[in-house]
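Here's a quick walk through a structure, starting with its sheet and ending with a helix. Have a look at it first.

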Amino acid sequence: MDLLWVGGRLLAAGPGTGPHPAGEVPGGCHGAMSGLRFASGTAPALLGVPAYELRDRRVELADLWPGPQVRALAERMSAYEDPGSGPERLASGRAARSGPPDPRSSTTA
């Protein structure tokens with residue numbers, strides 16, 4: 001599972017059962033793109049959604065988290081000099097406030 005920064009938008013990418021072209025994102029892929037791949041089993045605790053709900057999907061993070069929170073995060077990430085550091089900073093902050101990953105999730109996704 002991945003956290004993606006695509007043209008000023010935050011997306012969550014679920015586990016894939018096949019290939020997904022880089023441009024295969026909701027609303028298209030315009031502008032810079034960077035991302036963070038989560039270690040197996042860690043994304044559901046950080047994103048707050050089971051892996052199976054995102055299987056083979058790319059969804060706006062605002063569909064999973066409150067819209068105002070996602071807009072504030074996107075504004076902050078737009079201000080970073082290195083856009084590639086945004087997903088990592090966001091995940092690190094969220095990890096500090098989340099519980100541990102479910103050990104079963106690495107075997108069921």
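Which residue in β3 stands opposite Asp2? That would be Arg37. Bear in mind that this is a predicted model, where local features need pLDDT of at least 70 and side-chain atom pairs count only at pLDDT 80 or more, while totals for chains, interfaces and linings use all residues. Numbering starts from 1 along each chain as its sequence is written, and side-chain values use heavy atoms, with hydrogens and water left out.

On confidence (pLDDT, the predictor's score for each residue from 0 to 100), the protein averages 79, and 71% of the residues score at least 70.

| Element | Residues | Mean pLDDT |
|---|---|---|
| α5 (lowest) | 105-108 | 50 |
| α2 (highest) | 51-54 | 94 |

The sheet is open, with four antiparallel strands in the order β3-β1-β2-β4; strands pair if DSSP finds at least two bridges between them. At the edges sit β3 (33-37) and β4 (58-60), each pairing on one side only. Strand β1 (residues 2-6) meets β3 over five antiparallel bridges.

Now for helix α3, which covers residues 67-79. Gly67, Val70, Leu73, Ala74 and Met77 are buried (under 20% relative accessible area, with exposed over 50% and partly exposed in between; 1.4 Å probe, protein chains only). Those buried residues line one face of the helix, because they fall within an arc of 125° seen down the axis of α3 (taking directions from the helix axis to the C-beta atoms). On the other side, Pro68, Arg71, Glu75 and Ala79 are exposed.

Key:
Helices (H or I, at least four residues) and strands (E, at least two) are DSSP runs, numbered from the N terminus. The expected span of a helix is 1.5 Å times one less than its number of residues.
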